[in-house]
Amino acid sequence: MANGGPVEHGFPHLETVRAAVTALYKRLSYDTIHQFAASVPPVDVTFCDTDDLHLGTQRVARELVRHYRLPDARMIVAFREMEHAAHVELAAGPEYFVELNDRFRTHRRDIGAALAHEIMHVYLHRLDLSFPGTRDNEILTDTATTYLGAGWLLLDAYREDAASSQKLGYLTPEEFGYVLAKRSLVFGEDPSVWFTSAEAYTAYVRGRERALHDGRQPPLTAAGWAGRRRYARDRRHAQDRGHGEDHRPAAASDPPYAFAPDPRGPLRVTFPCPTCHQRIRVPVKGRVRARCGLCRTVLECDT
């Protein structure tokens, strides 16, 4: 939790975020992911200053438990002084103990955001899905919270001006925006209508630009002229190399695609699916329609 301190911006964790999206699709499957097509609505997690602190917190926790489809997970929530925003004890259940930072006693509008992250820890614990290391595991948790429909709360808790700042979670505001945009492209939702923070909206717009950029990389037909020209040059170099080792173009900023020989047929190109980031392998033979086997996205390619 950034509370008055500097807020990191940009996309420093993007590769881990993409790996987290891939891991979700692999562990949950396409059908389970699509059970979360509707985000948790603001009306279910709104916390008014006139609400009783403990009863209101329990109400919001129950709604998030319901959203994550954890019917037998009972949350016991308490408040205490701590460095981080919140903490959850992961045990066998059926009860889970969540502690929230005392700050939320007076910043009740953000209680839902803190609970969304902690209850996702419970969800991932039950799935037995984790990344090695605290940092990467927390990025996985933020990404899963956002992709499964509750992370807009975490981005909306971001506020920053010349005198103060607040941000919850390990992702930067722009990375939260990126994952929200990825979700929006799949389910057709517009989360920006729920933001109460102007800074959150700005971060979402920047993240959405980066998410749209993923779908404009060659060999996708939506790629721009410069990308297509570079791809044609790299393809020519790969073909000149013949049936040697895999060829990944080397540059200051490497493109996401790589060429690989196939002794049984034409040269092939591998590239990440813009939806789930699983790598796709298709033959280099002009116009090709590819279907990602993980997220079922149909991709128009010009290889």
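**Helix packing and pockets**

Modeller: Let us begin with two helices: α4 and α5 are roughly perpendicular to each other. Please keep in mind that this is a predicted model.

Colleague: How is such a pair of helices described?

Modeller: Two packed helices are described by the angle between their axes and by the distance between those axes. Here, helix α4 (residues 111–127) and helix α5 (residues 134–147) pack at an angle of about 105°, and their axes are 9 Å apart. Angles of 65 to 115 degrees count as roughly perpendicular, and the pair is therefore placed in that class.

Colleague: Which residues of α4 and α5 make the contact?

Modeller: From α4 come A116, H117, M120, H121 and L124. From α5 come N137, E138, L140, T141, D142, A144 and T145. By type, the residues of this contact comprise 5 nonpolar, 5 polar and 2 charged.

Colleague: How should I approach the empty space in a structure?

Modeller: Rolling a probe the size of a water molecule over the atoms shows where empty space is left. In this model, the largest pocket has a volume of about 650 Å³. It is lined by 28 residues, and R18, Q217, P255, P256 and P272 are the closest to its centre. The elements giving two or more residues to this lining are α1 (14–33), α8, α9 (225–241) and β8 (268–272). Of these, α1 gives the most, with 5 residues. The lining divides into 12 nonpolar, 7 polar and 9 charged residues.

Colleague: What is the volume of the second largest pocket, and which residues lie nearest its centre?

Modeller: The second largest pocket holds about 550 Å³ of space. Among its 28 lining residues, H84, A85, H117, E138 and Y170 lie nearest the centre. The lining consists of 14 nonpolar, 7 polar and 7 charged residues.

Colleague: Let us finish with a single residue. Is P191 buried or exposed?

Modeller: P191 has a relative accessibility of 3% and therefore counts as buried, since buried means under 20%. P191 is found in the loop between α7 (173–187) and α8 (198–214). Leaving aside residues up to four places away in sequence, P191 touches L180, S184 and Y204.

Definitions and conventions
Residues numbered from 1 in each chain as written. Predicted model: local features only at pLDDT ≥ 70, side-chain atom pairs only at ≥ 80, totals over all residues. Heavy atoms only, no water. Helix = DSSP H or I, 4+ residues; strand = E, 2+ residues; numbered from the N terminus. Buried < 20%, exposed > 50% of the residue type's maximum accessible area, 1.4 Å probe, protein only. Contact = heavy atoms within 4.5 Å. Axes fitted to C-alpha atoms, helices over the stretch in contact; angles between N-to-C directions. Parallel < 35°, antiparallel > 145°, perpendicular 65-115°, else oblique. Nonpolar A, V, L, I, M, F, W, Y, C, P; charged D, E, K, R; others polar. 1 Å grid on protein atoms, 1.4 Å probe; cavity = no way out; pocket = protein on both sides within 12 Å on 5 of 7 lines; lining within 4 Å. Points joined across faces, edges and corners; volume = space filled by probe spheres on them.
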